[in-house]
Amino acid sequence: MARLNSSFWNRNKFKLSGLLLLLPVYFLYRSLHPSFPAAMAELSLGEFSIVPMPLEDGPPYQHDGEYIKDFMVTFKQGDVTQIRQAYMNIGQTALPLSQMERGDLGILHGSRYGQHVHALAAERFSTGDRLWLTLETWQGNTLVTSWPLPAAWLMR
């Protein structure tokens, strides 16, 4: 008859295996119920009514050598197909369209239900920084608006 060794591993390996099988259920639940920060204030810009929502509260992160922060932009009013190009950045002033057109970051992309953007930002925010949105319509009109940054972002 075999002699059993009553070690910690032999007594608890079944429980540890069961725990490992439950971890994917936890991560599935977390992915199906994400939590996002509150949306920013709704602003009107020409015929459009726009609401940006940050996708996370963390600081900007580096992507392709530039610092960016992710947003979802919802157009409550106005036809999104009337926009030729739209860019978003975080800083003291809105970046000119000629500078934004050179790269692929900062461009709004998506559908009429929601636009996603990797807004260009500095590594750290300062007190004078704002969230800037620049739109150009097919008629050649350039529209610019901005939102103040939440105070929690400036303390980091």
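**View 1. Glu56 and its salt-bridge partner Lys69.** Glu56 has a relative accessibility of 25% and is therefore partly exposed, a class that falls between buried (under 20% relative accessible area) and exposed (over 50%), as found with a 1.4 Å probe and protein chains only. Glu56 forms a salt bridge with Lys69, their closest N and O atoms lying 3.4 Å apart; the term requires a side-chain nitrogen of Lys or Arg within 4 Å of a carboxyl oxygen of Asp or Glu. Because Lys69 belongs to strand S4 (residues 66-77) and Glu56 to the loop between strand S2 (48-54) and strand S3 (61-63), the pair ties together parts that are 13 residues apart in sequence. Strands (E, at least two residues) and helices (H or I, at least four) are DSSP runs, numbered from the N terminus. Lys69 itself is buried, with a relative accessible area of 0%. The model is predicted, so local features need pLDDT of at least 70 and side-chain atom pairs pLDDT 80 or more, while totals for chains, interfaces and linings use all residues. Residues are numbered from 1 along each chain as its sequence is written, and side-chain values use heavy atoms, leaving out hydrogens and water.

**View 2. The salt bridge between Glu136 and Arg84.** The closest N and O atoms of Glu136 and Arg84 are 3.0 Å apart in this salt bridge. The pair links distant parts of the chain, with Glu136 in strand S8 and Arg84 in strand S5 (residues 83-91), 52 residues apart. Glu136 is buried at 14% relative accessible area, whereas Arg84 is partly exposed at 42%.

**View 3. Asp129, a buried residue without a salt bridge.** Asp129 lies in the loop between strand S7 (114-121) and strand S8 (130-137). Although Asp129 is buried, it has no salt bridge, and the nearest side chain of opposite charge, that of Arg130, is 9.5 Å away; in this count Lys and Arg are positive, Asp and Glu negative, and His and the chain ends are not counted. The side chain of Asp129 reaches the backbone nitrogen of Ser126 at 2.9 Å. Among the residues that Asp129 touches, not counting those up to four places away in sequence, are Ile90, Leu149 and Arg124, contact meaning heavy atoms within 4.5 Å.

**View 4. Arg124 and Glu123.** A salt bridge joins Arg124 to Glu123, with the closest N and O atoms 3.7 Å apart. Arg124 is exposed, with a relative accessible area of 58%, while Glu123 is partly exposed at 44%.

How values were computed:
A polar contact is a pair of N or O atoms within 3.5 Å; within protein, one must be able to donate a hydrogen and the other to accept it, and residues adjacent in sequence count only if both atoms are side-chain atoms.
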